[in-house]
Amino acid sequence: MSELLGVTANSEWIHTNGNKYIVLCIANEHTERPNQYPVTVVYQGENLKIWSRPLTEWHRSMTPNH
């Protein structure tokens, strides 16, 4: 899936606000109904809270932490 662009489990990312996150998994990657179940990034912050957001919105505010 080309739009993943490096978004993989255990990859580290930084939000535009400076917070750091680690990707836990990609959900719905192989769905047959993407309109109903969009590909979603499930990720965890340093505060241990778990979040998710559609992959289509991921790169708007996240950059890889190299």
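Biologist: In which strand does Gly-45 lie?
Modeller: This is a predicted model, in which local features need pLDDT of at least 70 and side-chain atom pairs count only at pLDDT 80 or more, while totals for chains, interfaces and linings use all residues. Residues are numbered from 1 along each chain as its sequence is written, and side-chain values use heavy atoms, with hydrogens and water left out. Strands (E, at least two residues) and helices (H or I, at least four) are DSSP runs numbered from the N terminus. The run that covers residues 40–45 includes Gly-45, and it is strand β3.

Biologist: Is Gly-45 buried or exposed?
Modeller: Buried means under 20% relative accessible area, exposed means over 50%, and partly exposed lies in between (1.4 Å probe, protein chains only). The relative accessibility of Gly-45 is 9%, so Gly-45 counts as buried.

Biologist: Which residues is Gly-45 in contact with, leaving aside its neighbours within four places in sequence?
Modeller: Contact means heavy atoms within 4.5 Å. With those neighbours left aside, the residues in contact with Gly-45 are Lys-20, Tyr-21 and Trp-51.

Biologist: What is the bridge partner of Thr-40 in β4?
Modeller: Thr-40 lies in strand β3. Two strands pair if DSSP finds at least two bridges between them, and β3 and β4 pair in the antiparallel sense over five bridges. In β4, the partner of Thr-40 is Pro-54.

Biologist: Why does Thr-40 count as buried?
Modeller: Not counting residues up to four places away in sequence, Thr-40 touches Cys-25, Ile-26, Ala-27, Asn-28, Ser-52, Arg-53, Pro-54 and Leu-55. Thr-40 counts as buried because its relative accessible area is 12%.

Biologist: How far from a polar atom of the side chain of Thr-40 does the backbone oxygen of Pro-38 lie?
Modeller: A polar contact is a pair of N or O atoms within 3.5 Å; within protein, one must be able to donate a hydrogen and the other to accept it, and residues adjacent in sequence count only if both atoms are side-chain atoms. Between the Pro-38 backbone oxygen and the polar side-chain atom of Thr-40, the distance is 2.9 Å.

Biologist: Which side chain does a polar contact join to that of Ser-11?
Modeller: Ser-11 is in the segment before β1 (12–15). At 14% relative accessibility, Ser-11 counts as buried. Its side chain has a polar contact of 2.8 Å, and the partner is the side chain of Trp-13.

Biologist: What order do the strands of the sheet have?
Modeller: The sheet is open, has five strands and shows antiparallel pairing, in the order β4-β3-β2-β1-β5.

Biologist: Which are the edge strands?
Modeller: An edge strand here pairs on one side only. The two that do so are β4 (50–54) and β5 (62–64).

Biologist: What is the radius of gyration of the protein?
Modeller: The protein has one helix and five strands. The radius of gyration is taken over C-alpha atoms, and the globule rule is 2.2 Å times the number of residues to the power 0.38. For 66 residues the rule gives 11 Å, and the protein is close to this, so it is as compact as a globular protein of that length, with a radius of gyration of 12 Å.

Biologist: What share of the 66 residues do buried residues make up?
Modeller: Gly-45, Ser-11 and Thr-40 are among the buried residues. In the protein, the buried share is 29%.
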